[in-house]
Structure formats: C-alpha cells, structure tokens
Amino acid sequence: MWMSSLNAELFPALSTSIHWGIIEAEFRLNEIVDETLVSNISIIPFVGDQCVVFQLENGDWELPGGTLEAGERYMDGLKRELMEELGRNYDPIRIFGQFHCTSSMLEPYRPHIPHPHFVRIIGYGDVKLVGDPLNPEDGEQVVAVEVVEIDEAIRRFQKQNRYDIAEMYKLAHMLREEAKL
C-alpha cells in the first residue's frame, strides 16, 4: 500500500524544512510530476536486496543524480547521471517523492532551470553494472561505487550528517519492500 504521509518519528529530517545552503526545501511523498518545474532528479539505486552508494574525491558519500541539461527530460537526465556517476544503467524507476525548493539566489543555478521555485524528483529502482563511472571533466569526480546493505548506506550518510539522504534511502527501501508484497 502506498504511504500517503511520512511518519515524523521515522523520518524526522524529511518531515521538516531542509536547508541546503541557499535552498530551502520541503519533501512531499508524491508520484505526480510537473515536468515544467523539474530541475534535478535523483535515484536510490538497488542491486538485488542491496543498495548502491558512491563516494566523491572529497570523501563524501552522495546520492546519485543531478541537474538536468537544457531541454533534457528528467528520465533522460537520470540515465545520463547514472552513467556519469555510477557507470550503470537502470530498469524502470518509481518516483516516490519531490523536494519543493525555493532558492534565495537572484539568478537560477543554470539559465534553463526554473527559478526561484523548482522541484527535485526522487525515485528508486534497480540498476545494472555496465562500466566504470564516466567522470566528465565538468562534473563531480567519483572515486568509489559500492553495493552495500541498506543499514550500511544509512550509517554512511548519517556519519557525515546527511540525515536527509539517509532517510531517503530508508524510505525507498521501505517502499520497495512494500511493493513486493
């Protein structure tokens, strides 16, 4: 059964306003996407019963995904980001939430991105290893891609105080398990 609202005790970081520097965001469980507002897409990737995490050259573990290119549809952006960051392809994903964001910047991050209000989509799905991360020169440099148990992924994100990402992994895992029933 699809969850209609978040349990604030299970997901305290996702149940309150989140601040990412100049961005204020509110997470909402929702599958409906207004593509005109989408700026970013991210995925919680799974391989079997485990999930995938990746590490940047600065040592941080991060959530796969990123900003759309000009004219790019969000599913095409997800495919590109997964190849760049993980060297992986994906099976169909399930969108389960959105971050409704407001930027305090005077100009958008990139000229083609909606501003000051935009949406970051989050989904989960299975991925397949097809190669090494592409690591484009103008992108983040990935130094490690690992398949780990869900508890290990959550621990890594909590250790670097990214409770929002830890809770996204936890929520995706719960929704995925619920969908199997």
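**Helix α1 and beyond**

Trainee: Which residues of α1 are buried?
Mentor: The buried ones are Y74, G77, L78, R80, E81, L82, E84, E85 and L86. Keep in mind that this is a predicted model.

Trainee: And how many residues does α1 have?
Mentor: Helix α1 covers residues 74-86, which makes 13 residues. From its first C-alpha to its last it reaches 17 Å, close to the 18 Å expected.

Trainee: What follows α1?
Mentor: G87 follows, and its phi is positive, near 65 degrees.

Trainee: Switching topic: where is R176?
Mentor: R176 sits in helix α3, residues 163-180.

Trainee: Is R176 buried or exposed?
Mentor: R176 counts as buried because its relative accessible area is 9%, and the cut-off for buried is under 20%.

Trainee: What is R176 in contact with?
Mentor: Leaving aside neighbours within four places in sequence, R176 is in contact with F46, G48, D49, Y124 and D126.

Trainee: Why does D91 count as partly exposed?
Mentor: Because its relative accessible area is 27%, and partly exposed lies between the buried limit of 20% and the exposed limit of 50%.

Trainee: How many residues apart along the chain are D91 and G125?
Mentor: They are 34 residues apart along the chain, while their C-alpha atoms are separated by 6.5 Å.

Trainee: Let's go to the start of the chain. Where does L10 lie?
Mentor: L10 is in the segment before β1. At 36% relative accessibility, L10 is partly exposed.

Trainee: What does L10 touch?
Mentor: Not counting residues up to four places away in sequence, L10 touches E167, K170 and M174.

Trainee: Now the strands. How many bridges join β1 to β2?
Mentor: Three bridges, and the two strands run antiparallel.

Trainee: What do β1 and β2 form?
Mentor: They form a hairpin with two residues between the strands, and G21 in the turn has a positive phi of about 60 degrees.

Trainee: Which residues make up the covered face of β2?
Mentor: I23, A25, F27 and L29 are on the covered face, and E24, E26 and R28 are on the uncovered one. In a regular strand, side chains alternate between the two faces of the sheet.

Note on methods:
Residues are numbered from 1 along each chain as its sequence is written. This is a predicted model: local features need pLDDT of at least 70, side-chain atom pairs count only at pLDDT 80 or more; totals for chains, interfaces and linings use all residues. Side-chain values use heavy atoms; hydrogens and water are left out. Helices (H or I, at least four residues) and strands (E, at least two) are DSSP runs, numbered from the N terminus. The expected span of a helix is 1.5 Å times one less than its number of residues. Buried means under 20% relative accessible area, exposed over 50%, partly exposed in between (1.4 Å probe, protein chains only). Contact means heavy atoms within 4.5 Å. Two strands pair if DSSP finds at least two bridges between them.
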